[in-house]
Amino acid sequence: MALLHFSAALTGAVVRSDAALAESSAAASKAAQEERLELVTASGVHALDVEVAATPEKQAYGLMYRTSLPETKGMLFPHKQPTELTMWMRNTYIPLDMVFIRADGTVHRIEARTEPLSERVIASEGPVTAVLEIAGGAAERMGLKPGDKVRHPAFGTAPAQ
């Protein structure tokens, strides 16, 4: 019986911890600096305001604990050198599209509508320098495809403003 109470108490602590993390994540997203990024597709240019996860800590935390992501927002995970990048959806409550981007700003591949809370490893399947996370299904709605271009200073280009 004591073990059962201990287990229940421990579970309660984890739930409260997740709730606290979710609150701090929401506060962080409101305070985060956003930058303009453009996706150049056959259907036109689509502008997004993205948070840039430039530090290892921000990259590890990403969009965890968020409960929504507007179509006009996203998070960019830039890296200095082209490499095989992997992501997962641990503690991420919303489906995302993961857009893997080469150093020149070319979309390499898209993993659409990733499964929330999954620990499945999602790989870039080739060397890239960034991952853009956007709302699940947004890439399809914008007509974004491999070979399309991304404009942002991380790729040596700037949005049109």
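Predicted model: local features only at pLDDT ≥ 70, side-chain atom pairs only at ≥ 80, totals over all residues.

Reader: Where is the pLDDT below 50?

Author: Over residues 1-17. That stretch has zero contacts in the model beyond near neighbours in sequence, contact being heavy atoms within 4.5 Å.

Reader: OK, strand β4. How many of its residues are buried?

Author: Six of six, over residues 96-101. Buried is under 20% relative accessible area, exposed is over 50%, and partly exposed is in between (1.4 Å probe, protein chains only). Strands are DSSP runs of E with at least two residues, helices are runs of H or I with at least four, and both are numbered from the N terminus.

Reader: Which residues sit on each face of β4?

Author: L96, M98 and F100 are on one side, with D97, V99 and I101 on the other.

Reader: And what does β4 pair with?

Author: Strands count as paired if DSSP finds at least two bridges between them. β4 runs antiparallel to β6 (residues 122-135), joined by six bridges, and D97 has I134 as its bridge partner there. β4 also pairs with β5 (residues 107-111), antiparallel over four bridges, where F100 stands opposite R109.

Reader: What's in the turn between β4 and β5?

Author: Five residues separate the two strands of this hairpin, and G105 in the turn has a positive phi of about 90°.

Reader: Which non-glycines have a positive phi?

Author: Y65, at about 70°, and E125, at about 60°. Y65 is in the loop between α2 (56-61) and β3 (73-87), whereas E125 lies in strand β6.

Reader: Is each of those two buried or exposed?

Author: Y65 counts as buried because its relative accessibility is 6%. E125 is exposed, with a relative accessible area of 55%.

Reader: Switching topic: what does G74 touch?

Author: G74 lies in strand β3 and is buried, at 2% relative accessible area. Leaving aside neighbours within four places in sequence, its contacts include D49, L69 and I134. The C-alpha atoms of G74 and D97 are separated by 9.7 Å, with the two residues 23 apart along the chain.

Conventions
Residues numbered from 1 in each chain as written. Heavy atoms only, no water. pLDDT = per-residue confidence, 0-100.
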